[in-house]
Amino acid sequence: MQSSQFSSSTAFARMLRRNQTREESIMWGLLRNRQFKGYKFVRQHPIKVWETSGRWHYYYADFYCAEKRLVVEIDGLIHCLQEDYDRARDIIMLELQLQVLRVRNEEVNGDLVGVLQKIASALNPIDSSPGPFSTL
């Protein structure tokens with residue numbers, strides 16, 4: 001996603017944060033303030049991907065852990081219509097040495113513990129247990 005109508009990447013990220021989906025809100029409640037295994041996550045984090053004519057273009061990670069270079073994307077129905085875009089975006093993220101974990105809304109709504117196990121495994125493949133965390 002690009003922020004052509006906003007004056008800065010930060011302003012666009014703020015707008016995304018104000019307009020988060022229900023599933024993003026659920027995940028933010030679990031990931032914020034180092035609640036999940038002590039890792040710091042930020043939401044709607046702008047990631048510089050390329051520059052043209054002196055202007056940077058960004059992708060916005062739903063959730064990002066800089067320490068582990070992990071991007072967690074919460075995918076709603078729109079992502080069914082933009083699979084090629086998402087695939088190309090993931091390739092660029094991998095080229096930037098970022099790991100991308102995609103989670104569907106249905107997973108957040110139906111198997112939250114499973115989602116947390118996936119995130120735990122991505123953060124630390126040796127210890128993939130979801131706990132302890134204080135909000136479940």
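I took helices (H or I, at least four residues) and strands (E, at least two) as DSSP runs, numbered from the N terminus. The model is predicted, so I kept local features only at pLDDT of at least 70 and side-chain atom pairs only at pLDDT 80 or more, while totals for chains, interfaces and linings use all residues. Residues are numbered from 1 along each chain as its sequence is written, and side-chain values use heavy atoms, with hydrogens and water left out.

**Entry: Asp90**

I looked up where Asp90 sits, and found it in helix α3. Is Asp90 buried or exposed? I counted it as buried because its relative accessibility is 18%; buried means under 20% relative accessible area, exposed over 50%, and partly exposed in between (1.4 Å probe, protein chains only). Next I checked contacts, meaning heavy atoms within 4.5 Å. Setting aside neighbours within four places in sequence, Asp90 touches Val100 and Arg102. Asp90 and Val100 lie ten residues apart in sequence, with 6.6 Å from C-alpha to C-alpha.

**Entry: the sheet**

I traced an open sheet of four strands, in the order β1-β2-β3-β4, with mixed pairing. Two strands pair if DSSP finds at least two bridges between them. β1 (42–52) and β4 are the edge strands, each pairing on one side only. From one strand to the next, the twist averages 45°. For angles, axes are lines fitted to C-alpha atoms, for helices over the stretch in contact, and values run from 0 to 180 degrees between N-to-C directions.

I then looked at β2 and β3, which pair in the antiparallel sense over three bridges. Tyr64 stands opposite Val71 in β3.

Which helices pack on the sheet? α2 does, touching β1, β2 and β3, and its direction makes about 65° with that of β2. Helix α3 (residues 83–95) also does, touching β1, β2, β3 and β4, at about 90° to the direction of β2.

**Entry: the cores**

A nonpolar core here is a set of buried Ala, Val, Leu, Ile, Met, Phe, Trp, Tyr and Cys residues joined through side-chain atoms within 4.5 Å. The largest has 22 residues, and Met27, Phe41, Phe63 and Ile119 are among those with the most contacts inside it. At least two residues each come from α2 (22–31), β2 (55–65), β3 (70–75), β4 (99–104) and α5 (112–123). α5 gives the largest share, seven residues.

Beyond four places in sequence, its contacts include Met27, Phe41, Val72 and Leu101. I also noted a second, separate core of eight residues, including Tyr59 and Leu98.
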